[in-house]
Amino acid sequence: DKQENVESAAVIRRLVPLIRLASEYTAAHLTARFLAAISGLLLVRILPVNEYGFYTLVLAAFTFICTFSDLGATETLSFFRWRAGKKSKSWVPYFHAVMRFRRMVFMFAFISSAAYVLSMGLHLGIEISTTLIAISLIGLSAWLAIHSGIIAYVLKLEQRFRQAYVVELSNEGAKFIAVCLICFFGYATSLAGMASIAIGSLLAAILATKLLDQRYSQAMKPIRRHVYQNNRALLGQILPILPGTIYFTLQGPLIAWLAAFYGSLENVAEVGALGRLGALIGFITGFSGTVFVPRLLAIIDETLFLKRYLQWWLVMLVFGGAIIAFVCFSPKGLLFLLGNSYSGLSEELLISAVIAVIASFGAFSWHINRARGWIKYQPYRVPVILSGQIFMFPFINFATTQGVLLFSLGTVILDFVFQVLLNGLGFLVRK
């Protein structure tokens with residue numbers, strides 16, 4: 001009995017920190033998503049149609065800059081931190097290497113986005129002064145967002161999750177307050193909407209800089225040879241996954257294009273509406289990569305690492321199975337949330353649920369491969385998935401929402417199997 005009590009107490013001691021982290025993560029992300037949703041809804045309601053159209057165009061350019069400037073560089077810090085811990089060395093130089101890389105790629109992304117916004121502004125008849133101000137705002141906002149995003153990721157790797165959540169919540173909170181002020185003063189323009197994003201990015205960047213450990217921000221004049229070595233190590237982590245990273249950024253637009261080209265706008269709307277289910281699964285996906293993987297990397301012992309890895313798989317399988325079972329037996333509850341226009345999509349909803357669950361599994365496997373540096377075979381990711389998509393193409397009816405979703409399901413299954421096989425290969429080689 002005493003032995004059982006001791007073992008039970010040990011299990012509880014291990015579970016309590018994880019439950020606390022899960023609770024804080026859920027509360028922070030629920031709040032952030034709620035603030036973002038309310039801010040977006042307010043802008044939709046107060047901006048005239050033409051102003052909101054230009055705002056959407058500019059916002060897409062801003063999102064492109066932030067996404068393209070990363071190319072997987074930020075997540076390489078998890079690998080460098082793990083490797084540095086094994087060798088009892090500092091990984092701070094790699095932090096600076098990632099900052100340099102993202103700022104260099106930022107210039108290409110910004111110039112491309114500026115040309116896009118300028119050409120579209122001229123085509124739509126937008127005043128040149130308005131277009132130039134919008135371009136300046138997205139450049140400033142993206143630069144600040146890149147800075148705060150990298151620091152927030154570093155804070156999470158350092159197990160300082162609360163400080164990271166403060167940075168993220170400050171961004172959404174400042175945007176929400178700015179949008180409320182826009183409503184109050186009646187300054188309903190696309191530039192005002194972009195200014196709210198710039199204000200949020202600025203506050204987040206200031207807080208992130210304040211919270212960053214001094215050893216990261218100390219001014220150091222690095223030796224040229226060391227800078228070259230760090231940059232080469234960073235590129236060694238990025239280049240093998242670069243084709244896959246770029247390819248998968250195009251999957252969302254590809255699915256929408258297939259639905260529109262072979263079907264209709266109704267198909268596009270249905271695919272988009274059902275995609276909201278992914279937000280429910282997004283919590284466990286984000287928790288895996290943001291909280292659980294960094295804690296897993298703190299484990300040096302390979303046997304214990306594998307044990308915790310398998311335990312988390314059990315959690316995800318139970319969670320994913322519960323989601324699919326709920327959708328299978330009571331789809332009307334979720335379809336009610338989507339509205340009456342989508343009430344007859346029970347089968348499509350089930351496919352979407354399976355897509356979201358398998359995508360979360362694939363994301364976890366991907367995070368593990370990135371964190372452990374198991375990227376040698378990542379260049380084969382694109383050929384494998386592209387071959388599968390070409391094989392599926394003749395057998396799919398893209399004129400229906402179900403057909404488009406089945407194509408998406410086949411794609412995420414291929415990626416999941418590929419990533420989990422690399423997990424297994426990585427563990428076997430280590431042994």
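**Notes on the helical model: rings, charges and cores**

1. Start with Arg 372, which sits over the face of Phe 305, 4.5 Å from the ring centre. Here a charge counts as over a ring if NZ of Lys or CZ of Arg is within 6 Å of the ring centre and within 35 degrees of the ring normal. Arg 381 does the like with Trp 366, at 4.8 Å from the ring centre.

2. A word on what you're looking at: this is a predicted model, where local features need pLDDT of at least 70 and side-chain atom pairs count only at pLDDT 80 or more, while totals for chains, interfaces and linings use all residues. Residues are numbered from 1 along each chain as its sequence is written, and side-chain values use heavy atoms, with hydrogens and water left out.

3. Arg 372 also has a charged partner: its side chain meets that of Glu 302 in a salt bridge, 2.8 Å from N to O. (A salt bridge is a side-chain nitrogen of Lys or Arg within 4 Å of a carboxyl oxygen of Asp or Glu.) Since Glu 302 lies in helix α14 and Arg 372 in helix α16 (residues 346-372), the pair ties together parts 70 residues apart in sequence. Helices are DSSP runs of H or I, at least four residues, and strands are runs of E, at least two, numbered from the N terminus. Arg 372 is buried at 1% relative accessibility, whereas Glu 302 is partly exposed at 28%. The cut-offs are under 20% relative accessible area for buried, over 50% for exposed and partly exposed in between, with a 1.4 Å probe and protein chains only.

4. Arg 381 has a salt bridge as well, to Asp 415, with the closest N and O atoms 2.8 Å apart. This one links Asp 415 in helix α18 to Arg 381 in helix α17 (residues 381-392), 34 residues apart. Asp 415 counts as buried at 10% relative accessibility, and so does Arg 381 at 6%.

5. The count comes to three salt bridges. Glu 172 and Lys 175 form one of them, at 3.5 Å from N to O. They're three residues apart in helix α6, so about one helical turn separates them. Glu 172 is buried at 15%, as is Lys 175 at 18%.

6. Back to the rings. Phe 305 pairs with Phe 427 in a tilted arrangement, 6.1 Å centre to centre with 50° between the planes. Rings of Phe, Tyr and Trp (its six-membered ring) pair if their centres lie within 6.5 Å; planes under 30 degrees apart are stacked, over 60 edge-to-face, and the rest tilted. Both Phe 305 and Phe 427 are buried, and ring pairs join them into a cluster whose members include Tyr 309, Trp 313 and Trp 374. For contrast, look at Phe 184 and Phe 185: an edge-to-face pair, 5.0 Å centre to centre and 90° between the planes, with both residues exposed.

7. Now the packing. The largest nonpolar core has 49 residues, with Leu 77 and Ile 138 making the most contacts inside it. Such a core is a set of buried Ala, Val, Leu, Ile, Met, Phe, Trp, Tyr and Cys residues joined through side-chain atoms within 4.5 Å. Helix α5 gives the largest share, 14 residues. Apart from this core lies another of 23 residues, among them Met 316 and Trp 374.

8. Overall, the chain has 18 helices and zero strands, and 47% of its 431 residues are buried.
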